[in-house]
Amino acid sequence: MAPEIHSPAMSDETIRIAMWSGPRNISTAMMRAFENRPDTEVWDEPFYAAWLKVTGIDHPMREEICATHEADWQKVAERLAGAPPFGSRIFYQKHMTHHMIAEIGRDWMRSCRHAFLIRHPARVLVSYARKRAGPSLSDIGFVEQEELFRLATEASGSVPPVIDADDLLADPEAMLRALCAALRIDFSPAMLAWPAGPRDSDGVWAAHWYDAVHRSTGFQPPAPLPELEDHGLKEVEAEALPIYEQLARQKLRP
């Protein structure tokens with residue numbers, strides 16, 4: 001069971017948006033869309049280094065990530081509940097659900113508006129396997145996403161917005177408008193396109209994971225749903241699919 005949130009909600013003028021997804025979920029493209037807004041600063045996977053430090057897991061670029069990024073989760077949480085470094089009105093936080101292990105506290109979550117980005121597990125697994133072989137259910141964050149969705153719902157007293165990656169890719173403007181409305185912020189046309197290339201805000205892990213995003217200038221239409229041939233990937237898909245389908249029942253419509 002996921003930990004409860006105990007601290008009271010903060011009240012100030014900063015709008016903090018915690019976007020929860022698993023890896024290979026067009027989450028970096030979504031971060032680009034928000035970063036291209038003139039009123040927004042972003043933070044790329046704040047708990048990545050802390051997760052590596054606590055778990056000891058062998059992950060691409062592990063040593064460089066831990067040496068470059070803050071690995072004390074309490075310091076990270078304090079910054080997440082504070083103001084963005086340059087004082088922007090919106091503080092967008094791109095979170096990986098599988099980083100939220102039990103050792104990392106949740107009280108900072110009260111300071112945020114939460115949203116959930118979901119993607120069919122077959123798409124996630126095909127993309128992940130190109131970068132790291134043999135992904136398991138724990139690698140792709142579906143179980144944790146379900147737990148965090150429940151926690152965010154209980155903490156806020158309302159259902160947080162859920163956006164499906166396929167819907168976003170099929171009609172970016174309509175879905176971003178719906179997401180912004182659900183988050184109680186104005187839609188900005190600047191979210192629909194961005195310059196190609198890396199960003200200073202990218203985590204050091206971008207060198208391994210972000211090649212496609214660095215080539216992108218906007219959202220591309222979704223490809224046909226892949227049919228998995230690898231037996232191991234099929235098993236993970238079968239485990240993750242019920243969670244995806246449950247969250248998809250709550251997804252935003254344009």
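Modeller: The lining of the largest pocket has 19 nonpolar, 10 polar and 10 charged residues, where Ala, Val, Leu, Ile, Met, Phe, Trp, Tyr, Cys and Pro count as nonpolar, Asp, Glu, Lys and Arg as charged, and the others, Gly among them, as polar. This is a predicted model, in which local features need pLDDT of at least 70 and side-chain atom pairs count only at pLDDT 80 or more, while totals for chains, interfaces and linings use all residues. Residues are numbered from 1 along each chain as its sequence is written, and side-chain values use heavy atoms, with hydrogens and water left out.

The largest pocket is lined by 39 residues, and those that lie nearest its centre are R24, I26, R119, S127 and A212. (A pocket is an open set of points on a 1 Å grid over the protein atoms alone, where a 1.4 Å probe fits, with protein on both sides within 12 Å along at least five of seven lines; lining residues have an atom within 4 Å of a point.) Its volume is about 890 Å³, counted as the space filled by probe spheres set on the points, which are joined across faces, edges and corners. The elements that each give two or more residues to this lining are α1 (27–35), β3, α5 (121–131), α8 (165–170) and α11 (211–215), and the largest share, six residues, comes from α5. (Helices, H or I with at least four residues, and strands, E with at least two, are DSSP runs numbered from the N terminus.)

R24, one of the residues nearest the pocket's centre, lies in the loop between β1 and α1. Most residues other than glycine have a negative phi, whereas R24, although it is not a glycine, has a positive phi of about 55 degrees. R184 is not a glycine either and has a positive phi of about 65 degrees; R184 sits in the loop between α9 (172–183) and α10 (206–209), and at 57% relative accessibility it counts as exposed. (Buried means under 20% relative accessible area, exposed over 50% and partly exposed in between, with a 1.4 Å probe and protein chains only.)

Helix α1, which is among the elements that line the pocket, holds R32, and this residue is buried, with a relative accessible area of 1%. Leaving aside residues up to four places away in sequence, R32 touches W194, G197, P198, R199, D202, V213 and H214, contact meaning heavy atoms within 4.5 Å. The loop between α1 and β2 contains N36, which at 27% relative accessibility counts as partly exposed. With residues up to four places away again not counted, N36 touches A190, A193, W194 and P195. The C-alpha atoms of N36 and Y92 are separated by 11 Å, although the two residues are 56 residues apart along the chain.

Strand β1 (residues 15–21) runs parallel to β3 and is joined to it by seven bridges, with I15 standing opposite I90. Strand β2 (residues 40–44) is also parallel to β3, through five bridges, and F91 is the bridge partner of E41. Five of the five residues of β2 are buried: T40, V42 and D44 on one face, E41 and W43 on the other.

Together, five strands form an open sheet in the order β2-β3-β1-β4-β5, with parallel pairing; two strands pair if DSSP finds at least two bridges between them. At the edges stand β2 and β5 (162–164), each with a single partner strand, so one side of each is left without a neighbour in the sheet. From one strand to the next, the twist averages 20 degrees. Strand β4 (residues 113–118) pairs with β5 in the parallel sense over three bridges, and F116 stands opposite V162 of β5. Helix α4 (residues 73–80) packs on the sheet and touches β1, β2 and β3, its direction making about 145 degrees with that of β3. (Axes are lines fitted to C-alpha atoms, for helices over the stretch in contact, and angles run from 0 to 180 degrees between N-to-C directions.)
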